[in-house]
Each structure stands twice: as structure tokens, then as C-alpha cells.
Amino acid sequence: MTMAEGKGKAKRQEEASRSSKVTRKTDANGATICREDSFASDPNELPSSSVALLAEEQQIYRSLYAYSTDAVFLLDAEGRFLDVNPSGERMSGYSREELYATDFNTFILPSDTEKADVNLEKALAQRCMARTEFSFLAKTGRTVTVDSTVIPILKNDEVVGLLGISRDITEKVRSVRVLDGQNLVLEMIAKDTPLEQTLDSLLRLAEYQTGSMCSIHRYNHESGTLTNLAAPSLPEDYVREVEDVQAGERGGSCGASVLRREIVIVDDIEQSELWGEYRTVALQNGLRACWSLPLIDGRNEVIGTFAMYYEEKRLPTEREMELIRKTGYLARLAIEQDRANALIYRMAYHDILTGLPNRRAFQEKLSESIRIAKAKERKLSILYFDLDRFKTVNDSLGHGAGDLLLAEVAERLRRSLGQETFIARHGGDEFVVLFEHDRVPETEAAAQRVLDTFVEPFEVEGYELFMTPSVGISLYPEHAEDASMLLHHADSAMYKAKEAGKSTYAVYEPQGESREGARILLENDLRKSLEKGELELYYQPQLSLFPNRRIGAEALLRWHRGQSEWVPPSEFIPLAEETGLILPIGEWVLRTACRQGKRWIDDGYEPFVMAVNLSPRQFRQRNLVEMVRGIISETGYPPEYLELEITEGMTLDVEAASEKMRQLRELGVQISIDDFGTGYSSLNYLKQLPISRLKVDRSFVSDIESDPSNRDIVKAIISMAHNLKITVIAEGVESAEQLHFLEDNGCDEVQGYLFGRPVPADEFERGMDRQAAPKR
């Protein structure tokens with residue numbers, strides 16, 4: 001029944017000339033329905049004591065109505081105001097006379113009208129109490145949110161009106177929304193959401209709370225200017241005009257706050273001297289007041305500003321001052337997190353000395369370029385070169401002079417090959433250049449430009465140094481179809497150029513028949529190595545630094561070819577991977593390592609982690625999880641002490657990798673990332689994968705004493721891993737200096753020749769016996 005129908009029925013009711021008694025009944029759903037039945041035809045028929053009691057009750061009810069802190073209102077059956085108590089007048093800002101006969105729905109915000117109407121209709125049609133939450137616009141323009149209970153008024157079993165009781169929950173709702181908004185911003189910061197998106201959400205939250213327009217600027221210390229990061233509601237004309245504001249007393253509220261390092265409150269832009277240069281554009285865009293807070297980081301440096309603008313002249317309230325500080329704090333967190341991420345990315349992907357992309361960045365770029373070239377049937381080429389006799393410069397003039405020379409070489413390459421060319425420092429004095437598709441035909445001409453770059457001498461610390469490069473060239477897909485082989489063949493071509501007399505370039509030529517024949521023989525012997533029993537596992541200890549004790553061992557594969565020749569793993573493992581032999585060999589390695597580990601446990605040795613490497617081809621095989629489960633069941637080795645090591649390149653497809661890793665973790669197996677820092681994947685993948693340990697690549701550890709960039713990278717990796725609650729182990733530790741650096745920077749575990757070389761199982765066991773023997 002609608003409000004209009006309710007009114008029509010009310011008109012058909014008899015004049016209320018009788019007192020009533022209230023009875024209750026329940027509907028089919030068990031809800032209580034109020035009902036008034038005839039009690040007496042004339043008040044005079046009641047005893048005098050009852051008349052007095054009724055009068056007293058009416059007075060009590062009227063007092064409750066008048067003095068209730070909640071708003072109480074009375075509506076007729078059509079939803080028009082008949083009465084409102086004083087609290088309702090104060091809440092709405094309207095008097096009883098102004099509200100009388102006006103439609104209740106005209107006060108409700110359009111977004112809440114439908115919801116409120118449904119509940120009012122429910123009270124009318126079902127004759128039961130209804131509860132709803134809605135917002136309305138008070139006379140002052142303030143939005144008020146209320147929790148309202150609506151009760152039907154019955155007369156002669158018909159609904160003739162509604163009684164409403166509303167409690168102001170505006171601040172409660174606002175507080176909940178603000179807290180939700182703050183939590184959302186913190187979550188965005190934690191998830192490394194793009195800075196502009198995070199700050200936009202933060203400012204919209206502040207604007208919701210205050211009705212202001214907000215902005216956040218980043219401060220550039222070198223130029224002394226402020227650049228816009230976020231301003232979702234400010235006029236675009238104004239934002240453009242104040243871009244690159246100079247910090248200082250003439251730079252508006254924001255410029256002054258940077259200089260003073262304190263909150264600057266301008267309640268009247270029109271009269272403020274601080275706004276001399278920007279007053280006109282501010283006033284033209286309707287801005288009359290501005291309050292600005294400097295954002296100061298943990299190193300006590302100003303990194304930006306947060307500002308609130310108003311269209312009327314005004315000073316902030318105490319609550320608004322607190323809001324400014326809270327918003328500024330969140331903005332500072334977001335900017336600092338973004339800066340830290342950028343630093344880690346730069347250290348991981350750029351060479352600090354030359355400013356060029358590093359080896360990791362080049363390998364990632366090359367792999368992605370090959371993927372695109374393969375899909376579009378295009379070509380690629382790379383130049384690989386180093387500096388002839390560079391070691392002589394280091395030995396004669398010192399590493400400082402060598403570093404200056406490398407930086408100058410990088411700058412000349414940029415000028416010669418163009419800023420758009422992808423040039424990287426591959427390590428030491430080696431550089432690589434990538435040419436994609438349209439530029440492949442000019443590869444040899446570019447190689448000649450590289451040679452021409454070195455015609456003029458380099459001036460380093462007062463010396464004139466004449467340097468020459470040797471350049472190797474390889475082409476995709478003619479010479480190789482994957483990144484590592486393409487680089488390898490370019491490197492081979494570079495050595496061919498050196499043999500030709502240096503200061504020249506050479507294009508890679510496929511290997512001769514004799515070399516290919518040797519490879520075929522090696523492959524044939526590798527296929528027979530398992531049945532001949534030529535494969536053997538060596539074990540290298542892994543130690544915890546805090547406390548200092550052995551916690552694991554890495555199982556490493558060795559091949560004793562024909563029981564007479566030890567073949568280096570660097571030669572036969574890539575061959576096994578390429579031919580698919582790695583699958584049966586890898587299964588043998590895993591089973592043998594688990595059997596040996598179980599044998600040591602059965603012999604009474606304390607269990608420790610057994611680390612086994614998985615190759616890319618093994619990780620991709622469909623039955624990997626079933627194979628691991630079967631070996632664990634067969635050998636009885638505790639899965640919590642088995643660790644599978646994978647490389648970063650295997651996690652490029654994060655979704656597929658994470659699913660397979662999740663299944664392995666469900667078996668109880670631990671997973672670590674091997675050779676971290678040399679792969680192709682994004683740092684962001686670490687948060688998405690169930691990783692137990694991170695192994696810092698030996699190439700970073702080996703140069704810790706002499707290479708500042710490697711020290712910075714190792715420290716950044718340790719810090720990043722610890723923030724993600726991941727254990728860090730460094731491999732290739734060979735000196736006390738390396739160990740001390742790792743200890744000082746909180747590395748959890750170590751592995752390397754300093755603690756023990758890889759040895760056969762029986763020799764490793766003797767080492768455990770010596771370690772367990774009591775000291776005399």
C-alpha cells in the first residue's frame with residue numbers, strides 16, 4: 001500500500017471520538033503489528049482515576065517527544081510532515097512551520113530516495129516497524145546521515161500515519177569511511193601501486209572529509225622547484241600555471257612552506273604577500289585560501305608539499321589541522337616508498353658507474369626482443385665488444401682512472417650511436433648494443449662507428465689514453481634463437497676480432513665440422529652416463545650466520561666421463577637441457593639426494609636442508625609435482641628438509657609458476673630462487689611467489705671488496721628480501737672480507753669455498769663427524 005492509498009483509506013475512517021486500547025498480534029512472519037481497538041465511546045465513561053492516569057501518560061509521552069535527543073517526526077499516510085520535535089528542528093535547521101505539509105522525500109538525497117521509500121512502504125503495507133539509513137541536506141547545506149526507525153500509526157485497524165525516530169550518525173559514518181579510505185591508501189602503498197594513483201586516492205579522501213581541493217607536489221632540490229604529482233579537483237588552468245613553482249617567499253603557500261619547513265596558513269590569498277606572483281591566477285580560478293604542509297622525509301629533507309584550497313576566506317579548525325598532518329604523513333610514506341622502489345630498480349637494472357643499463361637489464365631486454373621478433377618474423381643483431389689492454393690502465397693508473405675511462409667510453413657511445421639505441425655495460429670493460437628489426441641492416445656500419453669513437457684519445461686524470469675496442473657481431477635468427485647463445489656467439493666473434501689484430505670487428509661464423517663432431521660424441525656419452533654409473537653427487541655445506549652453524553647442503557652434479565675425464569658442469573648441463581636428457585638425469589639427482597639425506601638421518605645425524613637444483617626444462621615438465629611426491633614417498637625423506645632451487649627466468653610466467661610452486665609447497669617442500677640478480681623477471685614477482693630463500697648470485701659477491709655498485713645491490717637485495725620475510729643466502733663466499741660484509745649487512749646464510757668445497761658423500765660425512773666430535 002502506497003502513502004497515497006494510505007491517505008485515501010484514512011479519509012474513509014470515522015472521526016476519532018473514542019479512546020482506544022492497544023493490542024498486539026503477529027503476522028505470518030512473526031512480526032508485531034500494532035492495532036487499536038475500540039475501548040469506550042466516551043471518556044466520561046472512564047473512572048476518574050483512569051482519566052487522570054491517561055492525562056499523566058500523555059504528559060509523559062509529550063515530554064519524551066519534546067526533550068528526546070533524537071529527532072522525532074510525524075508523517076501522514078502520504079509522507080507529509082505533520083510535526084517534528086525540537087531535536088528534529090536543530091538537526092535539519094528547519095522549523096516546524098517550515099516543514100509542515102512538505103514531502104518527506106524532498107529532503108532525502110537522490111542516492112538514498114529509493115532505499116528510504118522501500119522502507120516507508122514496508123511500514124505502511126506490512127504495518128510493522130521499519131529501519132533505514134539515509135542522508136539528507138540540512139538547511140545549512142550540511143549533509144546529515146541518520147539511522148531512522150519508522151513506526152506505523154494505526155487507527156481502527158488502518159494506517160493513518162508514520163512516526164519516525166532518527167539518530168544522527170554522520171560522524172560515525174564519516175569516521176568509518178575515512179578509516180576505510182586510509183586503510184585503502186596504506187594497502188596501495190604496500191602493494192606498490194603507481195604513485196600518482198595512490199596520491200589521487202589520498203587526496204580524494206581528504207577532499208571528502210573537508211570539502212576542499214587538494215594537491216601534492218614533489219620538490220626538486222637541484223632546481224629548487226615544485227612539480228605537480230596529484231591534484232584531482234583543482235582547475236586545470238591553475239595547475240598548469242603553478243607547475244615548477246620556485247620555492248621561496250614569493251612561491252605561494254607551498255613555496256613558502258618548503259623554505260620555512262613549517263605549515264603555512266594563508267586565509268586570504270587576495271591580501272597575502274606570499275601570493276604576489278600567483279595571486280591573479282588563483283583568484284581567476286576561484287581560490288581564496290590555501291594551507292600548505294611541507295613533506296619531510298626520514299633524512300630530514302623536504303621532498304614535497306601537501307596543500308588544501310578553499311573557495312572562501314577561512315582559517316583551519318583544530319580538526320582540519322590534525323587532518324593536514326595525517327594526510328601529509330600518508331603522502332610522505334607513498335613518496336618515500338616510490339623513491340625506494342625506484343632506487344632498488346635502478347640498482348638492479350643500471351650500472352652506477354656509467355649510467356647505462358647493466359647486464360641483467362640487457363639480458364631481459366634481449367629476451368623480450370627475441371620473443372617479439374619470433375612472433376613477427378623479424379631480425380635482431382647485437383654488438384659485443386671490450387676494450388683492448390684495459391687491464392693495463394687499471395694496473396698502471398689505478399681503478400679510479402679505469403672507472404673514469406669507462407664512464408667516458410659510455411658517453412661517447414651515446415653520442416655516436418644515439419640516445420635511442422639500447423647500449424648496456426655487460427660487466428668489467430665489456431659493452432653490448434642491441435639493434436632491432438629496421439636497424440639490423442646497419443649493424444656493420446654501427447660497428448665501424450664504435451671503432452671510430454676510439455680514434456681520438458681519452459683524457460683521464462691528465463693523461464691521454466689511446467684505446468681500441470674489438471667488436472663481435474651475431475644475428476638472430478641466423479646464429480642463435482635464444483639470448484644466451486646469441487650473446488655467446490657474439491662473444492666468440494669478438495675474440496675472433498682480437499685474433500685478427502684488435503681494433504676491428506668480426507661477424508660470428510658457425511662452428512666447423514670437427515667442433516660439431518665433438519659435441520655429438522659428448523651427447524652420445526652423456527646419454528650412456530646414467531647406465532654406466534658415471535654421474536655422482538657432490539655436497540657443499542650451507543651455514544647460518546645467526547647463529548653460526550651448518551643448516552644445509554647443496555647437491556651438485558659431477559660427470560666422470562669414461563671414468564677418466566671430469567667434464568665441467570658448464571659444458572654438459574646446457575647440453576642435457578638442450579637435448580632433453582636433463583629430465584632423466586634431474587630425476588636421478590633428486591632421488592639420489594633424498595636417499596642420501598635419509599641415510600644420514602637414519603645414521604643419527606641431525607636433519608638439515610638438502611638443496612637440489614631444478615633446470616628450466618624440469619620445472620616446465622607437466623608431471624614435476626607427481627615426480628617429486630613419488631620420490632619423497634619412495635625414499636622417506638622428510639619433505640620439509642627438501643629445497644628445490646629454481647632460477648629467475650623460470651618465473652617469467654608468474655601465474656603458471658606460482659601455481660606449480662604452490663602445489664610443491666603443499667607437499668611440504670621449500671623453494672628458493674637461485675642466482676638472484678642475473679635473471680629476467682621483475683622484482684614485483686617476489687611478492688607473488690611462495691619463496692623460502694633467495695640466493696644472491698656469486699657474481700655480486702665476488703666483487704664486493706672492489707665494486708661499490710655490487711655492494712649496494714647486495715645490500716638492497718638483503719633489505720628487500722627481509723621486508724618480504726624471505727631468508728637470504730649468499731653463494732660464492734671465498735674471503736673473510738666478503739663474509740664480514742655479509743654479516744654486517746644482515747645476510748642470513750652463506751655458502752662457498754671459505755667454508756667448504758663440494759665433496760663426495762663419504763667425505764662430506766667425515767666432515768660432519770669432525771663437526772660433531774667433542775672438543776678436547
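Author: A salt bridge is a side-chain nitrogen of Lys or Arg within 4 Å of a carboxyl oxygen of Asp or Glu. Asp297, Arg299, Arg332, Glu336 and Arg339 are linked in a network of such bridges. This is a predicted model, in which local features need pLDDT of at least 70, side-chain atom pairs count only at pLDDT 80 or more, and totals for chains, interfaces and linings use all residues. Residues are numbered from 1 along each chain as its sequence is written, and side-chain values use heavy atoms, with hydrogens and water left out.

Reader: Why can side chains pair like that?

Author: Side chains of opposite charge can pair when their charged atoms come close.

Reader: How many salt bridges does a search of the whole structure find?

Author: The search finds 43 salt bridges. One of them joins Asp388 and Lys498, with 2.7 Å between the closest N and O atoms.

Reader: Where do Asp388 and Lys498 lie?

Author: Asp388 is in the loop between strand E14 (380–387) and helix H13 (390–397), while Lys498 is in helix H16 (residues 483–499), so the pair ties together parts that are 110 residues apart in sequence. Helices (H or I, at least four residues) and strands (E, at least two) are DSSP runs, numbered from the N terminus.

Reader: Are Asp388 and Lys498 buried or exposed?

Author: Both are buried. Buried means under 20% relative accessible area, exposed over 50%, and partly exposed in between (1.4 Å probe, protein chains only).

Reader: And which residue does Glu587 meet in a salt bridge?

Author: Glu587 meets Arg591, at 3.2 Å from N to O. Because they are four residues apart in helix H19 (residues 582–602), about one helical turn separates them. Glu587 counts as partly exposed, at 28% relative accessibility.

Reader: New topic: how many cavities of 30 Å³ or more are there?

Author: There are six. On a 1 Å grid over the protein atoms alone, a cavity is a set of points where a 1.4 Å probe fits but cannot get out, and lining residues have an atom within 4 Å of a point. The largest cavity has a volume of about 180 Å³, a volume being the space filled by probe spheres set on the points, which are joined across faces, edges and corners.

Reader: Which residues are closest to the centre of the largest cavity?

Author: Of its 13 lining residues, those are Phe73, Phe81, Ser92, Phe104 and Phe136. Helix H3 gives the largest share of the lining, three residues.

Reader: What kinds of residues form that lining?

Author: Ten are nonpolar, three polar and none charged. Ala, Val, Leu, Ile, Met, Phe, Trp, Tyr, Cys and Pro count as nonpolar, Asp, Glu, Lys and Arg as charged, and the others, Gly among them, as polar.

Conventions: 1 Å grid on protein atoms, 1.4 Å probe; cavity = no way out; pocket = protein on both sides within 12 Å on 5 of 7 lines; lining within 4 Å.
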